[in-house]
Amino acid sequence: MAKNKNDYFEMIRRQTACCVQAASLLEDILCHFSTERIAAQREQMHEIEHTADKINHDIQTRLSTEFITPIDQEDILRLVTIIDDITDALDDVVLELYMYHVAEAPQDAAALAKVVSRCVLALNEAAGELRNFKKPEGLRRLLVRVNDIEGEGDALFMEAIHRLFDSSADCKTLLGHKAVYESLENCCDLCEHAADVIEQVIIKNT
């Protein structure tokens, strides 16, 4: 019998690598915000998101014809769908900067983007360790890190919204900045959801 060539663990790691690339770009956008650069940066982000979509589609196509997988097909599908959602959420932040005509980066956006980058990096490390799910000590430490960073993101998001609505910003600015903050927080939430799926894989297989 021919050896199975579908390395789902490697394909998942390639997916999370796209998330890392997107999060790094977003951090750069928000730390060095320029309305003159946003159109080109939208294209950069779209290219990363398009690459991630192709990886996701490839995984799902392979799963549709696979009978034996290293972990349950359903778990692979759930995980890759959430990871794809992370890249989409990172892309959404850039789209909102454009759609809401955001003239200046929200006050706490750069700090929140840095937390998002850390959360995505921790998830990427966990994805790289996923093939060792039957000896999960190291993997579980990485999942705890994802959850801890997500908690930091929640706290920062709450304070950012509090400061925003305590400011004298006009309605247009409030709407745009609130949308950006919510999408950034969603990126961390999705990383936590992905970590939860990986934890469930560990529980089911050990």
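## Reading side chains in a predicted model

His 177 is found in helix H6, which covers residues 171-205, and the model in which we look at this residue is a predicted one.

Me: Where should I place His 177, buried or exposed?

Reply: The relative accessibility of a residue is the value to read here, and buried means under 20%. His 177 has 13% relative accessibility, so this histidine counts as buried.

Me: Which residues does His 177 touch, not counting those up to four places away in sequence?

Reply: With those sequence neighbours left aside, His 177 touches Val 102, Glu 104, Ala 105, Pro 106 and Leu 164.

Me: How many salt bridges does the structure hold, and what is the general idea behind them?

Reply: Side chains of opposite charge can pair when their charged atoms come close. In this structure there are 12 salt bridges, and one of them joins Asp 28 to Arg 37, with the closest N and O atoms 3.3 Å apart. Asp 28, at 29% relative accessibility, counts as partly exposed, and Arg 37, at 36%, counts as partly exposed as well.

Me: Which parts of the chain does the salt bridge between Asp 72 and Lys 204 tie together?

Reply: The side chains of Asp 72 and Lys 204 meet at 3.1 Å, N to O. Asp 72 lies in the loop between helix H2 (38-64) and helix H3 (73-99), while Lys 204 belongs to helix H6, so the pair ties together parts that are 132 residues apart in sequence. Asp 72 is partly exposed at 40% relative accessibility, and Lys 204 is partly exposed at 47%. These two residues also belong to a network of salt bridges that links Asp 72, Asp 75, Arg 78 and Lys 204.

Me: What do Glu 199 and Arg 140 form when their side chains meet?

Reply: Glu 199 and Arg 140 form a salt bridge, with 2.8 Å from N to O. This pair links distant parts of the chain, with Glu 199 in helix H6 and Arg 140 in helix H5, 59 residues apart. Glu 199 is partly exposed, at 23% relative accessibility, and Arg 140 is also partly exposed, at 31%.

Me: How many aromatic pairs are there, and why is the pair described as tilted?

Reply: The planes of two paired rings count as stacked when under 30 degrees apart and as edge-to-face when over 60, and the rest are tilted. The count for this structure comes to one aromatic pair. The ring centres of Phe 9 and Phe 133 are 6.0 Å apart and their planes stand at 40 degrees, so the pair is tilted. Phe 9 is in helix H1 (residues 8-31) and Phe 133 is in the loop between helix H4 (109-129) and helix H5 (137-165), which puts them 124 residues apart. Both Phe 9 and Phe 133 are buried.

Me: Which ring does the charged end of Arg 42 sit over?

Reply: The charged end of Arg 42 sits over the ring of Tyr 98, at 4.0 Å from the ring's centre.

Me: How many disulfides does a search of the whole structure find?

Reply: A disulfide is a covalent bond between the sulfur atoms of two cysteines. A search of the whole structure finds zero disulfides. Cys 18 is in no disulfide, and the nearest cysteine sulfur, that of Cys 19, is 7.1 Å away. The sulfur of Cys 187 is 6.9 Å from the closest cysteine sulfur, in Cys 188, which is too far for a bond. Cys 18 counts as buried at 7% relative accessibility, and Cys 187 is buried with a relative accessible area of 0%.

Conventions
Residues numbered from 1 in each chain as written. Predicted model: local features only at pLDDT ≥ 70, side-chain atom pairs only at ≥ 80, totals over all residues. Heavy atoms only, no water. Phe/Tyr/Trp six-rings, centres within 6.5 Å; stacked < 30°, edge-to-face > 60°. Helix = DSSP H or I, 4+ residues; strand = E, 2+ residues; numbered from the N terminus. Buried < 20%, exposed > 50% of the residue type's maximum accessible area, 1.4 Å probe, protein only. Lys NZ or Arg CZ within 6 Å of the ring centre and 35° of its normal. Disulfide = S-S within 2.5 Å. Contact = heavy atoms within 4.5 Å. Salt bridge = Lys/Arg side-chain N within 4 Å of Asp/Glu carboxyl O.
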